[in-house]
Amino acid sequence: MIFEQWWEAIQPALQSNTLNFWQTIYKEIYLNVIKEGRWLNYLQGLGKTLEVSVFAILVGLFLGTILAILRLPEIKDMNARGKGGLKQVGAAIVRFLSKIAGGYINLMRGTPLLLQVLLINFGVFGSIRIEKIIIGVIACGLNSAAYVAEIVRGGIMSVEKGQTEAGRSLGLSGFQTMMYIVLPQAAKSALPAMCNEFISLIKETSVLSYIALTELTKAGDYIRSRTFSAFTPYIVSGLLYLIVTLTLTTLIGKLERRLRNSDH
Amino acid sequence: MTTDVIISVKDLEKHFNDGELKALRGVSADIHKGEVVVVIGPSGSGKSTFLRCLNLLELPTKGKITFEGVDITDPKVNINVHRQKMGMVFQHFNLFPHMTVLRNMTLAPMKLLKKSKKDAEEKAMGLLKRVNLENRADAYPSQLSGGQKQRIAIVRALCMEPEVMLFDEPTSALDPEMVGEVLDVMKRLAKDGMTMVVVTHEMGFAREVADRVLFMDEGQIVEEGTPDEIFSHPQQQRTKDFLNKVL
Ligand SMILES: Nc1ncnc2c1ncn2[C@@H]1O[C@H](COP(=O)(O)OP(=O)(O)O)[C@@H](O)[C@H]1O
Ligand SMILES: [Mg+2]
C-alpha cells in the first residue's frame, strides 16, 4: 500500500524529530485516519448520525405538524355549534389538547436538549434494554417537533384565509382543506426555516455521545483517545458534518427554486 | 315569483366582537329557483356578511337559513354536504396557486363527488371551453390575467354542479378592461337558468340581469324590488341617496 510506503518514508525524520510541515500533516492523517482502518470509525459514526437524524426529522415533522395544527387560533378557541352535549365535550377536549401542545412546545424549547436526552436515557428507559439509536431518535425527534411546530404554524398562518374559504365553499371538509390546500402552501413558505431546523438537528445529535451512542462526534473522540491527537480527529468529524449540511442546504435551495418557478 | 323557494332566510342576525358590532340586524329574504338576486348597498352595510352566512362561512348569531328545505343553521346538519350545492365566487378569486387550472377544477369533484379523474377532467374541459380558456388548462393561476382567474373561479365552482351560485363583488378587483368578460360569463349563466345571488357595484349588470334587487344599509334590507322599481322609482330616502352617489 502506498500509504504504508509513505509512512515508512517519513520514519527517519519522525525518529529524529525533524518532520517538515507536509510530513507532519501526513503523520496526523496516517495515525488518525488510515492506521488500523480508523476511517471506518468515522464512516460508521457518520452512518449513525445520519440514521438518527433522518428518523428524528420524520418524527419531528409528523408530531410537529400535529402540534402546529393544535396551536391554530381556530382550534385553540374551538367552540361547538349549538348546545349538543357530545359536541361540547369534544370541543372542550380539543381545547385541552391545544393547551397541552402549547405547554409541550414551551417545555421542549425551554430546556437543554442534553438534559432531555439524559432524562429519556436514564429516566424513561433506565431499566429497559433498548438500542441507543432508538433513544436518540425519540429524544431528538421529540425535541425537534417543538421547533417544527412553530415553523409549520408560521407557514400555515402565512396562507391567505381566502384559500381556506375557497376550499370550504366547495364542500371540502376542514381536514381535506388543510391537507390539499393549506399545508402544501404552508410547506413551501416554511421551507427555508425548515432547512435551518434540519441542519441544527443534524448537528445537535452530537449530544447523543453523552449516552454512549457512537455517532460522528463520539467517533472522533474515540480516535482521539487512541492517538492522543488533539485536533485531527475532531477536524475530520467536523468536515464530515460540513459535507452533510452543505449538501442538504444545496438540495433544499434547488427545491425552493423549483417550487418558485412552478407557480406564483 | 311563483317558483319554488330554494334559500329562505329568516330574521338573520350576525354580530362581531361579542355583539359590539351588529353587521346584520334581522334580515329576511327568499331566493327562488332560477332567480337572479342582486344585492347592492354602501360599503360596510353587511352585503358580504349576508352572502357568507348563506353557506355558513360566517355562523349566524341569530335567525334561520333554510336551503332546499333543510335548516342549515342546525348544528346537527353536515354543512359540507350542502356547501357542495352552493358555489361561491370571491372578490379575490382565491384560486389554489399550487395547482394547475385543471387541478383547481377537478380536486373537489374527485374528492367529494367521487368522480374518476377522467370524468372530472372531461367535465372541467367542457366548462373551460364555454369560457374560452381550454388552452389554459395546464397553466398555473399566476400565469393568468385577473379576468381569466375570475372566469376560472366561476367554472371551478360550476364543476360541483351547484344549485345556487353566490358572487361577492366578483369584478371589484379587476382592471376595468376585464370586467366585461367576467360579467358576460355571469350573464350567460343567468340565461341558462342558474339561481344566483350577486353582491356587486355594477349597476348596469343589476339593471340588465337581476330579477330582483335588494338594497342593504346598516345591516338591514331597506328596500327590495325589480330593477325598474329600485333604480327608477326608489321609495326610501336612503335608497335614493345611495343611487345618487353611485349612478
Ligand atoms: N370577520 C369580521 N370581524 C369583525 N367585523 C367584521 C367581520 N366581517 C365584517 N365585519 C364588519 O361587519 C360590517 C359589515 O361588513 P361587510 O358584510 O363586509 O360589508 P359589505 O360587504 O357590505 O361592505 C362592517 O362594519 C365590517 O367591518
Ligand atoms: Mg363586501
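Student: What makes Glu165(A) and Arg52(B) a salt bridge?
Tutor: This is a predicted model, where local features need pLDDT of at least 70, side-chain atom pairs count only at pLDDT 80 or more, and totals for chains, interfaces and linings use all residues. Residues are numbered from 1 along each chain as written, chains are lettered from A and ligands numbered from 1 in written order, and side-chain values use heavy atoms, without hydrogens or water. A salt bridge needs a side-chain nitrogen of Lys or Arg within 4 Å of a carboxyl oxygen of Asp or Glu. The side chains of Glu165(A) and Arg52(B) have N to O at 2.8 Å. That is within 4 Å, so the pair qualifies.

Student: How many salt bridges does the rule find across the interface of chain A and chain B?
Tutor: The rule finds 1.

Student: Which elements give two or more residues to the side of chain A that touches chain B?
Tutor: They are α9 (161–169) and α10 (174–204) of chain A. Helices here are DSSP runs (H or I, at least four residues), numbered from the N terminus. The largest share, 7 residues, comes from α9(A).

Student: What makes Lys47(B) and ligand 1 a polar contact?
Tutor: With a ligand, the test is a pair of N or O atoms within 3.5 Å. A polar side-chain atom of Lys47(B) lies 2.9 Å from an oxygen atom of ligand 1. So the pair passes.

Student: Where does Thr49(B) stand by that test?
Tutor: An N or O atom in the side chain of Thr49(B) is 2.5 Å from an oxygen atom of ligand 1.

Technical notes. Polar contact = N/O pair within 3.5 Å; in protein donor to acceptor, adjacent residues only side chain to side chain.
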